[in-house]
Amino acid sequence: LSTAMIGWYAVLFSAAFACVYLLWRRFFAADGIAGLGVVCALVAGLGATHMTLGLTQVDFIALLFLLLFWGEPVSWRAGLWLAPLIFLRPLFILLAIALVVRRRWSALAALAGTGAALIALFFPLLGPGGLATYLRHNPALRYPVEYFIGSSSLYKVLTSLHVNDGSFSLATHPVY
């Protein structure tokens, strides 16, 4: 397990560094090295960064795919970046609506093709019940409530406004 964690942390830190670079290129490139320092300070200073790395979550990987999608000028490659993002964080399927509205059909085709390829790749590893289990018994439903209210998050603010039943569910907290 410790060897696997070293590998996983290498992936997470690589994604984090790639995100810092892409954020710098997108928003602070004109400021040169000072802009890079600002991005590094902002990312390193966020409590969510520490929490993400401490809990070994995939947020930097998801952010990396989001930044690649958002900054991609080639339509079909945008769809290519969106597919793994949707697999990591299903709520990002809403970005497909933006593709429909903008009539980026090649991006939608690439999204569908990449999604099908990812399913074909991982189906033998997970088996037929793997995806169904994830959809029906999502692990986030079993996280302790402290996971969601222990950081400076929207959920923490909303739970301070009303009584919390001790579990996390969008059904029980529709405002969130």
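Is Phe65 buried or exposed at 18% relative accessibility? Phe65 counts as buried at that value, where buried means under 20% relative accessible area, exposed over 50% and partly exposed in between, for a 1.4 Å probe and protein chains only. The model is a predicted one, in which local features need pLDDT of at least 70 and side-chain atom pairs count only at pLDDT 80 or more, while totals for chains, interfaces and linings use all residues. Residues are numbered from 1 along each chain as its sequence is written, and side-chain values use heavy atoms, with hydrogens and water left out.

A search of the whole structure finds 5 aromatic pairs, a pair being rings of Phe, Tyr and Trp (its six-membered ring) whose centres lie within 6.5 Å, with planes under 30 degrees apart counted as stacked, over 60 as edge-to-face and the rest as tilted. Tyr21 and Trp24 form a tilted pair, because their ring centres are 5.9 Å apart and their planes stand at 50°. Both residues belong to helix α1 (residues 2–28), and as they are 3 residues apart there, about one helical turn separates them; helices are DSSP runs of H or I with at least four residues, numbered from the N terminus. Tyr21 is partly exposed, with a relative accessible area of 40%, whereas Trp24 is buried at 18%.

The rings of Phe65 and Trp81 are also tilted, since their centres are 6.2 Å apart and their planes at 35°. This pair links distant parts of the chain, with Phe65 in helix α4 (residues 59–70) and Trp81, 16 residues away, in helix α5 (residues 75–88). Trp81 counts as partly exposed, at 24% relative accessibility.

Finally, one aromatic cluster is formed by Tyr9, Phe13 and Phe17.

Definitions and conventions. Helix = DSSP H or I, 4+ residues; strand = E, 2+ residues; numbered from the N terminus.
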